[in-house]
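Subject: Handover of the two-chain model

Dear colleague,

Please find below the structure that I am handing over to you, and after it my notes on what was found in it.

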Amino acid sequence: MQNETAKQQEAGAMVDLPLLEVKGLSVSLGGDQILDDVHLEVAPGSIHALIGPNGAGKTTLIRSLMGGMPHRGTIRFRFRKSGRIGYVPQLLEFDHSVPITVGDFITIMLQDSPIFISGIKKMRPHVQQILAATESDHLIDRLIGGLSGGEIRRVFLAQALAPLPELLLLDEPASNVDEQGALLFEQILLRLKDEHGLTILMVGHDTRMILRLADLVTSVNCRVTFSGAPTELEDAEKMAGLFKTAVLPGERASGGPH
Amino acid sequence: MDWLYEIISGWARAGYLPAIFEHTFMIRGMLAAMIIGPVLGGLGTVVVTKKLSFFTQTIGNASLTGVALGLLFGEPVEGTYAGLYGFCLVVALVMTFVKNRTRLSNDTVIGVVLAQVLGIGIIMLLLVTNQFNIHQVEGVLFGSLITLTDGDLITLGCASLIVTVIFCITYNRTMLVAFNPVLANARGRNPVLLEYLFITLMTTVVVASLKLIGALLVLVLIVVPAAGAQNIVGNLRQFLWVSIALSTISTVSGLFLSALVPVPSGAVIVLTSSILFYATLVMRPLFGRSAVRQGDG
């Protein structure tokens, strides 16, 4: 494994330097080249969208950023505050039968003292506050299996914001969410960016959402196929072209670990 | 341990307990049932969440080979714990390793290993039956109250205590990993390490409870109470306690019934837990879990 990752935290004035800089990132899994020589720069306080066909390596890129994925190339962070990365995973595989409430879910991440002793009683005000950030505090006693797609999204976003990260990684935030839920989710993301200066890198399929939210778009299909402002993507023809040129069309589902 | 048996059989003679408790084997069995019930019920919540039901069954099936190995290496017939625990643990850890390191699905790995341990088990069984009493092996498969010794009880007690302590310390983390491993990893937990740890705990409990419940039936007592609890509970805390309650009622009342009718204790315990499971199904609508509630988006 040639792991040349340099995750550095540099202090000082770096206002114009990207918060995240990826150079020549390559990943292969089981003999398949998933990512090849990917370059990516994410400016601090911006929303950056990552698009591409199914199996193009978007989720692999996100996981490489979090560490734990063998890769070549360099990944460099220029954090100024906590250096924390918040992460909202894809939710395609999800067991709805587990009797876990929203409150339980947040609490087991925050405390090690077993949840079956005191339940969420001790943590309740704190958990409520965490959920309020994504307008989901009223869901605290609901079972996660009974929530709608949009509600689950907001709950998973809430956990990624506690404690507040500097970089937020979102994998397919719009999937399985209805129109109204998607709009609420977008409002929350914009507010996080404006009020907390959060940097957001999100994987997306929904072009309308990307047009409304993103400052910059990078299209990945094993390699980087496009990088620029979302308005340049408005040409529907061009958009369709980017999504069609999958390396292995239909061979990998977006739910897979790539 | 004799002083304890003396006290309890004294209660039975005085009429505080049914007359059957005058027998030492019955007191031993009841103590074992009271220890193993809560532990199996607790572990079951994680087994059901992690979908490890048939994984557990494979460990149970491996025990046959484990016993045979123990006997071949000269362990006494009353307790072949080294062979049993050694082999079951190796099987459990290798299965987890293969699952994590290949693209094979969990289901496939279990199918392959289940077939292997059964094949080896049958051959080993033939080899050892030339030298030993086949009923010893039967006891492992179906549970055998009569063969329960003080040593077994102490082993069970110590194993349960250690497992319970580690289980409590790691419960929140293990549950998060079971619920969403990718997220757990992102939050700094180590899903692989926690999985191996849980597998080890489960193997320990399965092996320690074989004499009471039997290898073929231990799966039921891990899965059924937790599945029953899932039907009626509304949060994680209730999940654990209801599962423990169902499992303990099953072991204790099942053991009691097996003293009245001449059938293996394991079978009666399993039957009791099944009846409780159907009871939770009937009660399900009362607890508002009959339909998935939809939110407002």
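Predicted model: local features only at pLDDT ≥ 70, side-chain atom pairs only at ≥ 80, totals over all residues.

Residues are numbered from 1 along each chain as its sequence is written, and chains are lettered from A and ligands numbered from 1 in the order in which they are written.

Sheets of chain A

In chain A, three strands form an open sheet in the order β2-β1-β4, with antiparallel pairing; strands are DSSP runs of E with at least two residues, helices are runs of H or I with at least four, and both are numbered from the N terminus, while two strands pair if DSSP finds at least two bridges between them. Since β2 (32-42) and β4 (72-77) of chain A stand at the edges, each has a single partner strand, so one side of each is left without a neighbour in the sheet. From one strand to the next the twist averages 20°, where axes are lines fitted to C-alpha atoms, for helices over the stretch in contact, and angles run from 0 to 180 degrees between N-to-C directions. Strand β1 (residues 20-29) of chain A pairs with β2(A) in the antiparallel sense over seven bridges, and A:V27 has A:L35 in β2(A) as its bridge partner. Helix α1 (residues 58-65) of chain A lies across β1, β2 and β4 of chain A and runs at about 65° to β2(A); contact here requires the C-beta atoms of two residues, placed from the backbone, to lie within 7 Å.

An open sheet of six strands in chain A has the order β5-β6-β7-β3-β8-β9, with mixed pairing. Its edge strands, β5 (85-88) and β9 (223-228) of chain A, each pair on one side only, and the twist averages 15° from one strand to the next. Within this sheet, strand β3 (residues 47-51) and strand β8 (residues 216-221) of chain A pair in the parallel sense over four bridges, with A:A49 opposite A:V217 in β8(A). Helix α5 (residues 149-160) of chain A lies across β5 and β6 of chain A, at about 165° to β5(A).

Domains and backbone of chain A

The domain assignment, which is automatic or taken from a database, gives chain A a domain 1 (1-84 + 166-246) and a domain 2 (87-162). In chain A, 16 residues of domain 1 are in contact with 14 residues of domain 2, and on the domain 1 side α6(A) gives the most, with five residues.

Two backbone details deserve a look, given that most residues other than glycine have a negative phi, and most peptide bonds are trans. The peptide bond from A:A162 to A:P163 is cis, with omega near -10°, and A:P163 lies in the loop between α5 and β6 of chain A. A:E135, a residue other than glycine, has a positive phi near 55° and sits in the loop between α4 (124-132) and α5 of chain A.

Helix packing in chain B

Helix α2 (residues 24-50) of chain B packs with α7(B) at an angle of about 20°, their axes being 10 Å apart, and the two are therefore roughly parallel to each other; angles under 35 degrees count as roughly parallel, over 145 as roughly antiparallel, 65 to 115 as roughly perpendicular and the rest as oblique. The residues of the contact of α2(B) with α7(B) divide into 14 nonpolar, six polar and two charged, where Ala, Val, Leu, Ile, Met, Phe, Trp, Tyr, Cys and Pro count as nonpolar, Asp, Glu, Lys and Arg as charged, and the others, Gly among them, as polar.

The axes of helix α12 (residues 236-260) and helix α13 (residues 265-283) of chain B come within 7 Å and cross at roughly 135°, which makes α12(B) oblique to α13(B). By class, the contact of α12(B) with α13(B) has eight nonpolar, nine polar and no charged residues.

Contact between the chains

The contact takes 29 residues from chain B and 30 residues from chain A. On the chain B side, the elements giving two or more residues are α7 (150-179), α8 (181-186) and α12 of chain B, and the largest share, six residues, comes from α7(B). The residues of that side divide into 14 nonpolar, 10 polar and five charged.

Best regards
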